[in-house]
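Hi everyone, thanks for making time for this. I'd like to walk you through one protein chain, so please have a look at it on the screen before we start.

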Amino acid sequence: MNIVDELFWYAGAGWFRNRPAGIDTRTNIGAGAGYRFVENDTTLVAGEAGLGLERETPVGGEADTFASARAFLEARHALSDNARFNLGLEAIENLQNTSDLRINATAAVTSQLTDVFALRVAWDLKYDNEPATQIVTGN
């Protein structure tokens with residue numbers, strides 16, 4: 001929701017599971033503010049910053065609850081009437097253990113093939129400075 005034309009606020013919640021990577025569950029809630037640096041018919045460049053609360057349970061381990069800080073940068077550009085380029089970069093910092101940093105990055109090209117069907121080719125990077133240390137095998 002907009003506070004003024006370029007300044008907005010957001011709130012969100014999420015749930016994540018990646019048992020092969022050692023994460024049984026990760027839930028989060030957060031809120032913050034953002035600013036649209038560039039916004040026109042073809043291009044958007046925006047940034048967000050906020051605080052949150054996360055609860056992470058490793059496979060076979062005990063849950064850890066901590067406050068987090070989030071920074072996000074997004075860029076979108078229309079390549080044509082039916083194609084666009086998206087770039088996103090997000091950093092999430094554990095405020096109780098500042099060496100625990102996660103970075104998510106995405107670069108994608110999306111083509112709208114029909115009114116209801118699109119094709120997206122993307123590159124995703126998920127980095128965790130302190131990944132789960134337990135080796136998970138089988139189910």
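**A walk along the strands**

A word on terms: strands (E, at least two residues) and helices (H or I, at least four) are DSSP runs, numbered from the N terminus.

Before going on, please keep in mind that this is a predicted model, where local features need pLDDT of at least 70, side-chain atom pairs count only at pLDDT 80 or more, and totals for chains, interfaces and linings use all residues. Residues are numbered from 1 along each chain as its sequence is written, and side-chain values use heavy atoms, with hydrogens and water left out.

Is Arg-36 buried or exposed? Arg-36 is buried, because its relative accessible area is 18%, and buried means under 20%, exposed over 50%, and partly exposed in between, using a 1.4 Å probe and protein chains only. What does the side chain of Arg-36 reach? It comes to 3.1 Å from the backbone oxygen of Asp-5. If we skip neighbours within four places in sequence, Arg-36 is in contact with several residues, including Asn-2, Phe-8 and Leu-44. Contact here means heavy atoms within 4.5 Å.

Now for the partners of β2. Strand β3, residues 43–58, pairs with β2 in the antiparallel sense over 15 bridges. Two strands count as paired if DSSP finds at least two bridges between them. Across this pair, Thr-25 stands opposite Thr-57 in β3, and a hairpin of three residues joins β2 to β3.

Moving along, β3 also pairs with strand β4, residues 64–78, in the antiparallel sense, this time over 14 bridges. Here you can find Gly-47 opposite Leu-73 in β4. Five residues lie between the strands in the hairpin of β3 and β4, and Gly-60 in that hairpin takes a positive phi near 75°.

Let's stop at Asp-64, which is found in strand β4. Asp-64 counts as partly exposed, because its relative accessibility is 42%. Not counting residues up to four places away in sequence, Asp-64 touches Glu-54, Arg-55 and Glu-56.

The next partner of β4 is strand β5, residues 83–94, paired in the antiparallel sense over eleven bridges. In this pair Ala-69 stands opposite Glu-93, and the hairpin of β4 and β5 has four residues between the strands. Then β5 pairs with strand β6, residues 101–112, again antiparallel and over eleven bridges. Asn-86 stands opposite Ala-108 in β6, and six residues lie between β5 and β6 in their hairpin.

To finish, let's step back to the whole chain. How many helices and strands does the protein chain have? There are zero helices and seven strands. The C-alpha atoms fill a box of roughly 50 × 35 × 25 Å, taken along the principal axes. Of the 139 residues, 26% count as buried. Among contacts between residues at least 6 apart in sequence, 40% join residues at least 24 apart.

Terms used: Polar contact = N/O pair within 3.5 Å; in protein donor to acceptor, adjacent residues only side chain to side chain.
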